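Colleague: Please take a close look at one strand of this model and its surroundings. Then place it against the other parts that can be described with some care.

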Amino acid sequence: MALVSLRNISLAFHSTPLFDGANFQLEDNERVCLIGRNGAGKSTLMGILAGRQDYDAGEVILQPGIVIAELSQTVPTGEEGTVEDIVARGLGEAGKQLAEYHELLIKLAEDNDPKIAARIDEIQHALDISDGWNVQGLVDTILSKTKLDGDLKFDDLSAGMKRRVLLAQAMACQPQVLLLDEPTNHLDIESIIWLEEFLQTFAGTILFVTHDRAFARKVATRIADIDRGKLTSWACDYDTYLVRKEAALEAEEKQDALFDKKLAIEETWIRQGIKARRTRNEGRVRDLKKLREVHQDRRSKVGSVKLEVHDAERSGQLVIKASEIQHAFPDMNIVDEFSTTIMRGEKIGIVGPNGIGKTTLLKILLGELKPNQGTVRTGSNVQVAYFDQLHTRLDQTQTLRENIGDGNEQITINGRSKHVVGYLQEFLFTSEQANRAIKYLSGGEKNRLLLARLFAKPSNMLVLDEPTNDLDADTMELLENMLMEYQGTLIVISHDREFLDNVATSTIAFEGNATVRQYDGGYSDWVAQRKRVADSVTSSPAKGSKTSSTTSETSSQEAQKQAKSRKLNYKEKRELESLPVLIEELETEQGSIQLQMGDPGFYQKPANEIKTVSQRLDEIGTKLNDTIERWEELEEISGG
């Protein structure tokens, strides 16, 4: 017998049906990943299973005595008390009494109020009668399993740690079914890996929604997807689901094409007039009416977001050069002696635990924050578009069209004028939504809107801080593909391992104790390389020193130190002054030739002329790289 069953569930908001006769069940000891586009109804389905969401028709059947616990997508505000108290509240009335008991003891120590003492006596008596003191043992067990310090104040925790506390609270009542809505949101990679391992040991059934594909692969034993009001179960792992789903969509498209062809034939026949009205053809007329009804009720596959970056004029070859950055706050060291050079077209991922300083480093690299020591130099013509995970760049009181158009009805993208509403529709917002205030959007919809706003601004450098939170899988994959083809420079902070593997060409990693290193490749490459680098640092003579340059630069650090011990001579100073001008001239000529070769008519010229121009482009590329390397070398000696 299933633990939970949904039978013929129907639910509509406004005129659009969210569920249309949905059937679903959860069996004992399985982990089901719920997949669907933003707004498809995933959180609503969770609410129906949890008993807090009404529905229009159908029934929910629960096994007698079943206990269901839920972890919502958002962290509630106004939760007061210690971690221990928050977890205890998950144990019903006895847990709430125990939490109140702890809070009152603290107040009594601060203020010896007889009323407080009397209330403590009341709670003690109630706990004695109900044997509620056993709750303390359950709370301690849960705190141990989830590796939480019960004495910490809940308000002082990061968003990621708050979600871990709320997970512990949900686990406290020992549920048979656990509902998790985006459990990896705001978690760093270390916490996500811990959660994966924890859930795999959970002795019960889990239904979870996630945008993290690596997490889904690791945890899910079955997939359920919501697509155009239909809820379908796929008894397979995540990768197998992707293959089967694609095949099912292709088969649906072929079936729809055959249906449309038949409908077109019947519509042509009915227009023959008198023949269609003869008695012997009345059945065919009735069949045509049914075909029309089916066609009208058919819900087409939801379109895909159209992602297009508004390109600015290209930046210079050098985008950012940071030398020996050192920065600290009074209570925390952020980074110690980190150097990096970011060239045009590079795609940099930044990883590290929550609260370690990733956003601070980003601000330093962008010139928004001056480091305590070291220098940061920005190249020529760098135009930045910034994605902020906290949505501070969105005015929550304005409508979608006001945020995108800044009061204008038309925007220009790469030379083409578009109406604001039409542009929003490319990001799957309806004309009705375009006139609503942003505060009514879901988290995923706000991220989509922020992407729309971001790509409407001309830029040659994208800076994205946790862009994948709450995005559905389809939109995330489109974003990935766009970023992989993006010709500008990219810096992205993310905890999504697959996203980093697919997009990043190098990774800046925070590795503790203000140590920041840069590695070639994405997340998996960092994992493979970091142990080898850590071992080499430990075994080196300078044991305990902080290595902060890229792995390819590690071997040359001693040479750089020796170079800095001397000063530039007069000839080298003159050379250093002239190199930026030469770099700019080479880049200008390079751009001019690339523009010339981009004209289709160029290849109709004589072969020897094409060869000469191509050879010149290769020469410029080589000379430009050599010149930049020489400029960096002299900058290093001068203390740049």
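Modeller: Strand β6 (residues 177-181) runs parallel to β7, and five bridges join the two. Within this pair, Leu 179 stands opposite Leu 207 of β7. Strand β7 also pairs with β3 (residues 31-36), again in the parallel sense, over four bridges. There, Leu 34 is the residue opposite Val 209 of β7.

The model is predicted, and β7 (residues 205-209) has the highest mean pLDDT among the elements of the protein, 95. Five of the five residues of β7 are buried, so the strand is largely enclosed by the rest of the structure. In a regular strand, side chains alternate between the two faces of the sheet. For β7 both faces are covered: Thr 205, Leu 207 and Val 209 are buried on one side, and Ile 206 and Phe 208 are buried on the other.

Asp 225 comes next, in strand β8 (residues 222-227). Asp 225 counts as buried because its relative accessible area is 2%, under the 20% cut-off. Its side chain makes a polar contact of 3.1 Å with the side chain of Tyr 241. Leaving aside neighbours within four places in sequence, the residues in contact with Asp 225 include Ile 35, Leu 231, Trp 234 and Lys 245.

Asp 336 lies in strand β11 (residues 332-343) and is buried, with a relative accessible area of 15%. The side chains of Asp 336 and Gln 326 are joined by a polar contact of 3.2 Å.

Lys 147 sits in the loop between α5 (134-145) and α6 (159-172). Lys 147 is exposed because its relative accessible area is 61%, over the 50% cut-off. Not counting residues up to four places away in sequence, Lys 147 touches Arg 164 and Trp 194. Its C-alpha atom is separated by 9.7 Å from that of Val 165, which is 18 residues away along the chain.

On cysteines, a search of the whole structure finds zero disulfides. Cys 33 is buried, at 1% relative accessibility, whereas Cys 173 is partly exposed at 27%.

Elsewhere, six strands form an open sheet with mixed pairing, in the order β14-β17-β18-β12-β19-β20. Its edge strands, β14 (384-387) and β20 (516-520), each pair on one side only. Neighbouring strands of this sheet are turned against each other by 15 degrees on average, direction ignored. Helix α16 (residues 473-485) packs on the sheet, where it touches β12 (347-351), β17 (461-465) and β18 (489-493). The direction of α16 makes about 145 degrees with that of β17.

As for confidence, the protein averages a pLDDT of 80, and 84% of the residues score at least 70. Helix α19 (residues 557-564) has the lowest mean pLDDT among the elements, 45. The pLDDT is below 50 over residues 542-565, a stretch that has 35 contacts in the model beyond near neighbours in sequence.

Technical notes: Residues numbered from 1 in each chain as written. Heavy atoms only, no water. pLDDT = per-residue confidence, 0-100. Contact = heavy atoms within 4.5 Å. Pairing = 2+ DSSP bridges. Axes fitted to C-alpha atoms, helices over the stretch in contact; angles between N-to-C directions. Buried < 20%, exposed > 50% of the residue type's maximum accessible area, 1.4 Å probe, protein only. Polar contact = N/O pair within 3.5 Å; in protein donor to acceptor, adjacent residues only side chain to side chain. Disulfide = S-S within 2.5 Å.
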